[in-house]
Amino acid sequence: MPFIAALIGYVTKRVAIEMMFRPLEFVGIRPFLGWQGVLPANAERMAATATEMLTTNLVDPKEIFARLDPAQVAKEIEQPLLRVVEDVTREVMETYQPRLWEVLPTGAQQLLLKRVQAEAPKAITKIMREIAGNIEDVLDLKHMVVTNLVRDKALLNRLIRDISRPEMRFIARSGIAFGFGLGCVQLVVWALTKSPVVLPLFGLGIGWLTDWLALKMIFLPREPRRFFGYTWQGVFQKRRHQVAADYGDMIAREIITIPNLLEAVLRGPKSDRLFTMITREVQKTIDAQASVVKPFVALAVGTKKFQEMKQTAAAKAAERVPETIRYAEDYAVNALDVRNTIVGRMRKLSPLEFEQLLRPAFRQDEWKLIAVGAVIGGLVGELQVLALLG
């Protein structure tokens, strides 16, 4: 009987853990019967909670982006940038006035290309400096993180599961010890009463109590305390240095990445401001450097058409920004240093603040997990009765 109780304790914990994360999508018949993992089912709320912690306590976008040296970014992308300038210039000229571009002397073509190419790094430096100083105007970090976590529920699962694997193991293994202890009490009560309600009631109680106790012991106490001569601290709190390292690694590797930042800047809710910035600088550069051909072009296509050409050139240049800026990815990763920033700040959080990294994943729906443990325990207890009295 104690061994059966230990098994109940273990199985109910494993089931509770899996129910937190699986399945990713709802399985069953809405609204009558079915299940979706607690985290995936509440992906938006969970993502918002995790993002609030991340952006409030761990990452300041303005501080992070201030680490980028605009001149170094321009240097890193210089060669691909020169190719983009040449491609865009030729495309625009050949689209709007192919005959004029063809009849321009080769020297005039090259002079225009070289003059614009010479100014391009300066324009990029200026744009990068403006972005770094006004990052909130072009990047909504909260929107980026929430969008990525809600879109990729498996990533949200990993964010919680990977940093809490030891805690999950503790929950499962604690069920064995708690269950065995309660099973010994159950054996005594059964031996004295032989009542058929004892086993289902104890099974239900073992499932409920061991789930509840294990969840509490993950987080509490927040500081080390002595109980009956033994010092205990919440498992999650005790591992805070390792958790910080794991969490920082995952955020830097899968969430606040250069590709994700680029996508957020170029396609996020504030992307129009970035394109306005790029358009303005490209048009300034064209105006400053196109004097060698401007008279010919303006005369051939008209002033209105020439303005349209500049806007097209700016739009095409903006389209090529992502592929160009990727050449600076290695430099940007090292300069932003997201991983070490998060790790350092996490280790300085108060115990209560640190708890909020993982606790929201459990708190609102933990009663469901405890209830499932109780039901499974009760069913196993009823099977025990049937086996003993059948």
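**Helix packing in a predicted model**

Biologist: How many helices and strands does the protein have?

Modeller: The protein has 25 helices and four strands; helices are DSSP runs of H or I with at least four residues, strands are runs of E with at least two, and both are numbered from the N terminus. This is a predicted model, in which local features need pLDDT of at least 70, side-chain atom pairs count only at pLDDT 80 or more, and totals for chains, interfaces and linings use all residues. Residues are numbered from 1 along each chain as its sequence is written, and side-chain values use heavy atoms, without hydrogens and water.

Biologist: What share of the residues is buried?

Modeller: Of the 390 residues, 48% are buried, meaning under 20% relative accessible area with a 1.4 Å probe, protein chains only.

Biologist: At what angle do α1 and α13 pack?

Modeller: Helix α1 (residues 2–21) packs against helix α13 (residues 198–219) at about 50°, and their axes are 9 Å apart. Axes are lines fitted to C-alpha atoms over the stretch in contact, and angles run from 0 to 180 degrees between N-to-C directions. That angle makes α1 oblique to α13, the class left after under 35 degrees (roughly parallel), over 145 (roughly antiparallel) and 65 to 115 (roughly perpendicular).

Biologist: Which residues of α1 meet α13?

Modeller: Ala 5, Ile 8, Gly 9, Thr 12, Lys 13 and Ala 16 in α1 meet residues of α13, including Gly 203 and Asp 211; contact means heavy atoms within 4.5 Å.

Biologist: Now α3 and α10: at what angle do they cross?

Modeller: Helix α3 (residues 43–58) and helix α10 (residues 141–151) cross at roughly 145°, with axes that come within 9 Å.

Technical notes
Buried means under 20% relative accessible area, exposed over 50%, partly exposed in between (1.4 Å probe, protein chains only).
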